[in-house]
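Subject: Structure handover

Hi,

Here is the structure you asked for. Please open it and follow along with the notes below.

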Amino acid sequence: MKRFKKLVKNITNKYTKANNKKLNNKGDKPGRKLFNDLDRNMDTAKDKLGRSMDLVVREFKVGHTRGALLCINGLVNKSIIDNHILETLMVHSREVEPNPVGDGKKLLQFIKNNTIAALQYEETHLLDDVLTKVLLGYTALYIDGLDSAVLINTIGFEMRAIEEPQTEAVVRGPREGFTENLQLNISMLRRKIRSPELRLESKTLGRFTGTPVCIAYIDGIVNEKIVEEVRERLQQVDIDGILESGYIEDFIEDAPYSIFPTVGNTEKPDVLAAKLLEGRVGILVDGTPMVLTVPYVFIETIQSSEDYYARWASGIVMRMLRILGILITTQLPALYVATISYNPEVMPTILVITVAASREGIPLPATAEMLILGLIFEILREAGIRQPRPVGQAVSIVGALVIGEAAMKSGLVSSPAVMVTVLTGIASFVAPAQGNVYVHVRLFLLFVSAVTGFLGFFIGNLVLLTHLVSLRSFGVPYMSPLGPSNYKGWKDVYLRVPMWAMIDRPGVINWKKQQRVNKNVNPGPPKNEIKKEK
Amino acid sequence: MKKIIICLMLICFVLTSAGCWNWIEIENRGLVGILGMDKAAEKGKIKVSMQMIKPSEIKGGKEGGGGAGEAVVVYTDTGNTPLDALRNISRKTGRKIFLPEISILVIGQELAREGVGPIMDFWRRDHETSLRTQVIISSGKAEEVLNTKIPTEKVGGFALDKMLEATKFHSKAPVNDILEFNNDVKSETSSPATAALKVIGKEKDPSKESFSPGKKIIIDGSAVFKDYKMTGQLTEEESRGMLWVKGKVKSGVIIIPVPGYEDKTMDLEIIRSSSKIKPEIKNGKLSINIKVKQEANISSIPPVDINIEKSNFIDKVKEENEKAIKKEVLASLSKARDLNADIFSIGEALHEKYPRQWSQYEKRWNDLFPYLNVKVQVDASIERTGMITNPLMVNSR
Amino acid sequence: MSTPAHQKTKLKKKSEAVVKMLEAGKISNKQLVFLIISILLSTTSIFLPSAIYQEVKQDAWMVIILVVLVTAAAAFVLALLGNRFQDSTIIQYSTKILGIPLGKVVGLLYIIYFIYINAIIFREFMDMITTSYMPETPSLVVCISLFIAVAYLVRSGIEVLSRVSEITIPVILLLLVVVIMMVLPEVKISNFKPVMETGLLEITKSIYVPLAFFLEIVTMLMLVPYVNKPAQVKRTFILGVVISGLFLLLIMFAVIGVFGNLVGSMNFSTLRVIKYIKLFNLIERVEPVIMLMWVYGISIKIAVFFYCSVLALAQWLNLREYKALVLPTGVIIITLSFIMWDSSMQLKTHVKTIAPFFIVVEIAIPAFLLGVSALRGIKGVRK
């Protein structure tokens with residue numbers, strides 16, 4: 001085993017070293033400056049970009065001087081270039097000054113000051129800068145005879161509009177969800193938290209994708225140590241490409257081998273804002289609407305944004321349902337097997353008879369029945385998700401018919417087993433954040449209780465609990481505020497007390513005592529009742 | 001990593017090797033409604049009979065009816081001990097008998113008179129059995145009870161359960177489970193008494209059409225035990241007398257003559273009752289005071305010319321009521337004296353009140369009990385007269 | 001197991017910081033209370049009701065009160081000793097107080113005590129499961145499946161252990177209360193009469209077996225250095241003892257109230273009481289509930305003793321790491337639990353005969369250590 005590990009390490013090391021060298025060779029070029037000859041500049045740029053088909057070079061003249069625009073088709077907003085760069089350069093500049101200044105330097109100054117009608121631009125002498133920016137959607141403006149280029153922000157490409165996210169649907173609450181565009185996502189967050197304390201740090205990750213990543217937190221609420229830890233861990237992400245925040249999640253997890261996630265994610269700006277306000281750190285990644293939040297503790301699974309938007313009483317009901325849902329989806333199959341195969345006396349006599357009657361003549365033992373039905377359910381679920389909606393529905397209906405009706409009628413499976421499976425499956429949707437984790441837990445418990453009954457069931461749960469308790473997410477114990485218990489934090493675990501009673505911010509994440517509401521506010525009728533004037 | 005793999009393998013090994021030992025699928029368990037124990041023909045052997053439930057006949061689910069066959073089947077077998085006989089039965093049924101769900105244990109009179117010690121010990125010792133199981137004595141053979149069909153329920157056990165439950169409406173038989181039975185046995189002085197059953201009637205004649213079931217099971221007073229041995233039987237009246245003293249009469253009917261019309265009878269419904277046994281030692285002489293308190297409603301009066309609003313009528317009814325209760329109590333007392341069985345737990349009451357003097361009575365209790373000086377005091381009250389006042393006179397004009 | 005780089009650096013930092021400490025974890029006083037409850041309640045609740053009933057009949061509940069009072073006093077003495085040496089365990093300061101050779105002997109005595117008790121609990125657990133749930137299953141299987149859970153707990157360290165206890169013990173106590181509420185309709189007050197029949201002398205005489213169980217609180221002297229506020233352990237110890245006593249009293253009340261004179265002849269009266277529950281024909285025979293209490297309570301108790309024995313052994317041998325000792329110690333404990341007693345009855349009588357020795361280890365030696373350290377004026381570092 002060890003030897004094998006070494007081997008793998010060696011290979012990966014070699015590979016990464018080689019890659020690094022390549023990168024470094026490329027990286028030598030930051031020192032390479034632009035030439036002061038337009039044609040040479042254009043040639044090198046085209047070579048560097050591999051004469052790609054979407055590369056656009058537009059040559060033109062400003063007065064008598066030659067110039068050229070370099071951009072990538074599809075990344076830029078053409079109307080900006082047409083109306084605010086090309087037109088001004090070619091037409092309007094003449095109107096103001098028919099004979100533009102001959103000298104290159106002065107010309108550049110003139111262009112910068114008088115003609116580029118774009119908000120953001122910068123000047124550079126380095127080829128690499130030009131390339132990276134152009135690939136982001138900037139347009140490079142070259143002037144013949146100058147060893148510098150002006151990079152103008154013309155980013156504009158087709159993107160999805162803001163839509164209601166599919167994963168975290170709410171009845172009451174904001175409906176907007178993040179999109180794939182980082183800039184837009186950040187703006188949505190800004191619109192939620194209009195405070196100068198909102199900090200957004202930028203980072204670029206991915207050797208080839210160069211994905212912009214943003215760390216968001218609120219200064220004064222967040223624990224500095226956690227931010228530092230996040231920076232440190234992001235620093236170590238070294239991978240070819242980052243296509244989704246999941247890539248980063250894999251790198252910054254605390255317990256990479258655990259089945260339980262230690263990094264949270266959300267698709268909604270309001271949820272992210274709430275988490276930041278509780279002292280968490282958000283990691284926004286370009287190209288995906290899923291935003292990572294750390295630290296992530298277990299109880300976040302049962303917290304939904306709607307708990308807080310609805311009145312506290314119904315919030316409590318939702319919490320309880322979610323806890324019940326998790327318990328059912330993880331424990332019920334195991335409990336069923338332990339009861340049926342080991343200790344049926346737990347059930348009332350008449351129930352024992354009923355279950356025995358429906359199991360009579362079933363060829364499979366209860367455990368196998370549970371396993372197979374569970375498998376079928378998961379297959380149906382997966383099939384339903386991946387298919388277009390009408391097909392998905394058809395799949396579910398056919399599937400439901402197959403297991404619900406045909407299998408039961410033909411005596412392949414018993415009806416209690418179908419009921420248990422369906423209940424288990426449906427309950428897993430009650431708290432969907434960790435949907436696939438439940439499958440592992442369910443299988444584990446099913447296995448242990450299939451072989452030793454209730455003893456295995458309880459011991460399995462104990463092992464599971466020990467594992468959960470031993471986890472940490474960015475220094476925060478995973479099971480807090482249950483263990484280590486923090487009774488103040490319980491206001492937001494099993495219950496959801498009214499907002500004015502949730503005085504402190506979650507203690508486990510902040511470590512500092514901080515109040516989030518004015519604790520002297522107690523809603524109620526006014527003390528001096530307003531009397532009706534007669 | 002290596003360690004984790006080893007651990008996982010260890011866990012898998014242990015768990016998979018652990019399976020199988022106690023694993024019995026629910027449909028393979030022998031579900032039993034009632035269990036009966038009799039004396040076998042061979043000497044010293046026990047004959048066990050049981051009503052095995054056929055689940056599919058009860059919930060015939062798929063076909064809808066399921067009433068085609070009988071829901072239970074009775075098996076019998078003999079063995080040297082209860083467990084021996086129970087395991088022997090598996091030779092016929094092919095299933096291990098599932099004991100926890102057994103709610104009723106019927107013991108034949110013959111076996112009960114010989115002693116139920118081994119059965120009780122087995123029932124307390126086994127890990128599957130429940131202390132909730134109710135003990136009933138059959139006046140005849142237990143097997144006969146099990147073989148009698150009760151048409152209202154598919155499973156005889158459930159019907160018997162309901163019969164025992166219904167004793168609270170007439171209070172004519174005590175209901176004791178294994179725990180209470182053994183509590184009385186363990187006590188130095190008390191004697192257990194538990195309900196007795198009887199099978200009456202004849203097998204139904206198939207040629208005649210009739211809705212009446214041929215053979216019936218009926219609750220018939222109670223059986224009295226001395227330690228583990230049954231020594232006698234109480235009639236229904238005596239049984240209720242005992243229950244009065246124990247304060248366990250929940251409901252029932254009392255028949256009394258109508259005051260002023262001694263040839264006619266009226267009845268009262270018992271609402272609640274309580275009792276107290278007060279032992280007293282005075283100058284070294286022991287006397288027992290039994291106080292019974294009862295509340296009743298008038299439930300019917302024959303159409304005679306009376307005015308129940310007159311206070312002395314109610315007083316007279318009350319008097320008659322007390323007399324009737326006292327009669328029942330005294331009847332049970334004299335029977336208990338005959339059998340020399342302290343079915344009322346008078347000894348325990350003495351123990352509670354006089355723990356210091358107890359030791360000198362404890363040993364002699366068998367000699368003392370029949371000659372105890374017992375005073376019975378009944379305090380009855382008539383609470384309500386029902387929905388009407390006076391009976392409607394036919395010839396009142 | 002390869003860990004991501006950021007964790008490696010963290011681990012390095014951690015290990016550099018605590019080269020000297022075997023255990024870097026910290027537990028709160030609240031968690032200590034739950035640990036005390038787990039070690040005092042989980043085995044006593046199973047064995048004591050019948051054991052005491054055999055001696056003093058219906059006055060058994062008075063014995064519990066008396067035991068709790070005596071244990072509270074003893075816990076006070078133990079807390080004084082723990083308070084005096086807030087940074088070290090009894091294994092460490094016994095050498096400080098008595099000198100190296102004698103102190104090492106005392107330390108060895110405690111190691112043997114921990115292992116011995118652990119073997120007893122393992123055996124008791126196996127007997128319980130095999131008599132009342134799975135008679136056909138070999139004890140070894142039960143034992144190993146429990147051992148897996150316990151070893152995982154111990155290897156995860158005292159912090160995880162105490163957090164698990166903090167989550168499970170309240171659930172167990174709550175279930176206990178619910179279950180006893182359900183059994184309340186069956187309780188007959190006459191089963192408690194006559195009060196004080198056996199007399200005070202008998203009650204006092206029968207105290208020593210339950211006391212040996214309750215004084216297991218001495219184990220906590222191994223955990224004092226890891227407590228947040230060692231200065232408050234007096235309160236913590238006594239609180240733990242009183243709460244466990246109250247719950248034991250509740251169990252006692254239910255058992256005697258329901259079963260009366262039959263308690264003495266029962267092996268697992270608590271289990272029988274819960275089996276006796278019947279509510280609305282719906283909730284019947286809820287024995288898995290008590291299995292839950294057993295598995296969780298006893299696992300944590302075993303884990304505490306197990307942890308203490310490996311920690312004590314590591315300190316006694318001046319090792320840097322205790323985790324390597326978990327497997328060998330576990331093998332010793334399991335082997336002992338199998339070879340020491342032939343039958344469960346033998347175990348019962350054995351526990352009765354050995355109880356006085358336990359009491360010596362549990363209170364006499366710590367009291368002696370406290371006295372000597374006071375006379376010699378030896379003190380540990382105060383926090």
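H6(C) passes H12(C) in a right-handed crossing (left-handed if the near helix is turned anticlockwise from the far one by less than a right angle, right-handed if clockwise). This is a predicted model: local features need pLDDT of at least 70, side-chain atom pairs count only at pLDDT 80 or more, and totals for chains, interfaces and linings use all residues. Residues are numbered from 1 along each chain as its sequence is written, while chains are lettered from A and ligands numbered from 1 in the order in which they are written.

H6 covers residues 139-155 of chain C, and H12 covers residues 287-316 of chain C. Helices (H or I, at least four residues) and strands (E, at least two) are DSSP runs, numbered from the N terminus. The axes of H6(C) and H12(C) are 9 Å apart, at an angle of about 55°.

Which residues of H6(C) meet H12(C)? They are C:Leu146, C:Ala149, C:Val150, C:Leu153 and C:Val154. Contact means C-beta atoms, placed from the backbone, within 7 Å.

Now chain B. Strands E10 (residues 252-258) and E11 (residues 261-282) of chain B pair in the antiparallel sense over 7 bridges. Pairing needs at least two DSSP bridges. B:Pro257 stands opposite B:Thr265. E11(B) also pairs with E12(B) in the antiparallel sense, over 15 bridges. There, B:Ser274 stands opposite B:Lys293.

Best wishes

How values were computed: Axes are lines fitted to C-alpha atoms, for helices over the stretch in contact, and angles run from 0 to 180 degrees between N-to-C directions. Two residues are in contact if their C-beta atoms, placed from the backbone, lie within 7 Å.
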